[in-house]
Amino acid sequence: MSINLESVKELLIFLGKSLFSVLEALVFTLISKPQKNVAGEIVLITGSGSGLGRLLALHFARLGSVLVLWDINIEGNEKTCQMALEAGATRVYTYTCDCSQKEEVYRMAEQVKKEVGDVSILINNAGIVTGKKFPDCPDELMEKSFDVNFKAHLWTYKAFLPAMIAKNHGHLVCISSSAGLVGVNGLADYCASKFAALGFAESVLLEMYAQNYRGIKTTIICPFFIKTGMFEGCTTGCPTLLPILEPEYAVQKIVEAILQEKVYLYLPKFLYFLMFLKSFLPIKTGLLIGDYLGIFQAMDGFIGKKKV
């Protein structure tokens, strides 16, 4: 009898907590969740030499964060540094780092720890895209996609997560993609690397939760194509529902998600509905929707650059 009562008690506690979490989520869809203060936090951004990484650096500069900028492009990274200082940053550190090289990541990480301190917000943003059909994509380019878009996340987490665990304080940000949620014609290797990055980030999130490190937050970003030049020439068949995103709009939403400690951010919001449909619709219906939205033809005009 006591065993049954204990089981009922555990069930009621579970239902109560579940209901509270659902209600909390509903409330924060109606009103904005309070934003945390990141002034003085050490923010490391990979791929900061251009595009989304540069815009993220400028936003965090205005918020008073200490910036650590990693990029393989020395000139671009120095320009971002100068722009960040002009935007109000007081401390900006630049490092030339090829995030696809594990030993280089570890070496740069040790240098950052000595010269700047422990990174408290890690934004894995660096990425490349080949834009080739799978049979036509050279092996070395596919390997590079995984090295930059996914494996670099392993090495940066390994380098900076231990200090976050020691303090039970930190924020891990994964810039994945809508291509990490659903396959895209002409992006097989890119999709695979972004699916991997998303799955890895989710898994570490669960590890931190299971070990009761509730002070370590995770935010996973899944945007549609952004006009950073990376997907230059790509199109959308339904710009009303699935527009190619303006960089400033995208980065504003990303920074808001980080400051509000959201776990997931899909851009545009229509992606939430698409993922809901994907969970139960027959594959033939899904293919019809993809055809209507122009997803199958999106990469036909691709002339983009490899770097974010």
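Buried means under 20% relative accessible area, exposed over 50%, and partly exposed in between, with a 1.4 Å probe and protein chains only. This is a predicted model, in which local features need pLDDT of at least 70 and side-chain atom pairs count only at pLDDT 80 or more, while totals for chains, interfaces and linings use all residues. Residues are numbered from 1 along each chain as its sequence is written, and side-chain values use heavy atoms, with hydrogens and water left out.

Start with the aromatic rings. A search of the whole structure finds eleven aromatic pairs. Rings of Phe, Tyr and Trp (its six-membered ring) pair if their centres lie within 6.5 Å; planes under 30 degrees apart count as stacked, over 60 as edge-to-face and the rest as tilted. Trp-70 and Phe-160 form a tilted pair, because their centres are 5.9 Å apart and their planes stand at 55°. Trp-70 lies in strand E2 (residues 66–71) and Phe-160 in helix H5 (residues 139–167), so the pair ties together parts 90 residues apart in sequence. Helices (H or I, at least four residues) and strands (E, at least two) are DSSP runs, numbered from the N terminus. Trp-70 is buried, at a relative accessible area of 0%. Phe-160 is buried too, at 2% relative accessibility.

A second pair joins Tyr-190 and Phe-231. Their ring centres are 5.5 Å apart and their planes at 80°, so this pair is edge-to-face. Tyr-190 sits in helix H6 (residues 188–210), and Phe-231 in the loop between strand E6 (216–223) and helix H7 (247–259), 41 residues apart. Phe-231 counts as buried because its relative accessible area is 10%. Tyr-190, at 4%, is buried as well.

Now the core. A nonpolar core is a set of buried Ala, Val, Leu, Ile, Met, Phe, Trp, Tyr and Cys residues joined through side-chain atoms within 4.5 Å. The largest one has 86 residues, and Leu-67, Trp-70, Ile-123 and Phe-160 touch the most other members.

Last, a charged residue. Arg-54 lies in helix H2 (residues 51–62). Arg-54 is buried yet has no salt bridge; Asp-71, the nearest side chain of opposite charge, is 7.9 Å away. A salt bridge is a side-chain nitrogen of Lys or Arg within 4 Å of a carboxyl oxygen of Asp or Glu. Lys and Arg count as positive and Asp and Glu as negative; His and the chain ends are not counted.
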